[in-house]
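The following note comments on the structure shown below.

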Amino acid sequence: MAAELTLGTALAAIGAGVAVGFAALGSGIGQGIASAGAVGAVAEDKGMFAQGIVFTAIPETQAIYGFLIAILILVFSGLMGGHTLDVVTGLVAIGAGAAVGFAGLGSGMGQGIASSASVGAVVEDKGMFAQGIVFTAIPETQAIYGFLIAILLLVFGGILGA
């Protein structure tokens, strides 16, 4: 049975789409940038494949944050059955989706750039792997901020625990 679709519930659907859509866009761009650097490193040194995969996988986390927030919005907004949301709560869901989505977009792209540079450094000096991981992890903080704000909006906006 389909959920009753109110304006608030429809707004929550937009919030879920924004969360996963923009966060995944940032991850995809970041992984593409990192992959480009990794392919170059592997072409120069075949032994760089494993390190290249590690640096390419790191920007995936932004998509995971967006996916988790989207699932929470879908489950607790009534889109998958149950109650419906009012307009104000639907707008809160858009805010939560935007927080994690836009933070993931910027963070994923920044992480991809850092990953690409790091894999290039490691191909030149194998001892740079740990430092490269640290530099690649730093842009993650913006995605974590967006994720935490999204959770707070869902909790105090009445979606989670409602």
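1. A residue is called buried under 20% relative accessible area, exposed over 50% and partly exposed in between (1.4 Å probe, protein chains only). At 46% relative accessibility, Phe102 is accordingly partly exposed. The model is a predicted one, in which local features need pLDDT of at least 70 and side-chain atom pairs count only at pLDDT 80 or more, while totals for chains, interfaces and linings use all residues. Residues are numbered from 1 along each chain as its sequence is written, and side-chain values use heavy atoms, with hydrogens and water left out.

2. Overall architecture. The chain contains 6 helices and 0 strands, these elements being DSSP runs numbered from the N terminus (helices H or I, at least four residues; strands E, at least two). The order from the N terminus is α-α-α-α-α-α. Along the principal axes, the C-alpha atoms fill a box of roughly 60 × 30 × 20 Å. Of the 162 residues, 41% count as buried. The accessible surface, from the Shrake-Rupley method with a 1.4 Å probe, is about 7600 Å², and carbon and sulfur atoms account for 77% of that surface.

3. Contacts along the chain. With contact taken as heavy atoms within 4.5 Å, residues 24 or more positions apart supply 88% of the contacts that have a separation of 6 or more.

4. A nonpolar core here is a set of buried Ala, Val, Leu, Ile, Met, Phe, Trp, Tyr and Cys residues joined through side-chain atoms within 4.5 Å. The largest such core has 19 residues, and those with the most contacts inside it are Ile69, Ile73, Val100, Ala150 and Leu154. Two or more residues each come from helix 1 (7-44), helix 3 (61-76), helix 4 (87-124) and helix 6 (140-156). Helix 4 gives the most, with 5 residues. Ile69 touches Ala19, Ala96, Val100, Phe147, Ala150, Ile151 and Leu154, residues up to four places away in sequence not being counted.

5. Second core. A separate core of 9 residues includes Ala38, Ala41, Met48 and Val122. As general background, nonpolar side chains tend to be buried together in soluble globular proteins.

6. Packing of helix 3 on helix 4. The axes lie 8 Å apart at an angle of about 170 degrees; they are lines fitted to C-alpha atoms over the stretch in contact, with angles from 0 to 180 degrees between N-to-C directions. The two helices are therefore roughly antiparallel (over 145 degrees). Helix 3 contributes Thr61, Gln62, Tyr65, Gly66, Ile69 and Ile73 to the contact, and helix 4 contributes residues including Ala93, Ala96, Gly97 and Val100.

7. Aromatic pairs. Rings of Phe, Tyr and Trp (its six-membered ring) pair if their centres lie within 6.5 Å; planes under 30 degrees apart are stacked, over 60 edge-to-face and the rest tilted. The count comes to 3 aromatic pairs. Phe22 and Phe102 form a tilted pair, with ring centres 4.7 Å apart and planes at 55 degrees. Phe22 is in helix 1 and Phe102 in helix 4, so this pair ties together parts 80 residues apart in sequence. Phe22 is partly exposed at 29% relative accessibility.

8. A further pair. Phe55 and Phe129 are edge-to-face, at 5.4 Å centre to centre and 70 degrees between the planes. Phe55 lies in helix 2 (residues 49-57) and Phe129 in helix 5 (residues 129-137), so the pair links parts 74 residues apart in sequence. Phe55 is buried at 1% relative accessibility, whereas Phe129 is partly exposed at 29%.

How values were computed. Parallel < 35°, antiparallel > 145°, perpendicular 65-115°, else oblique.
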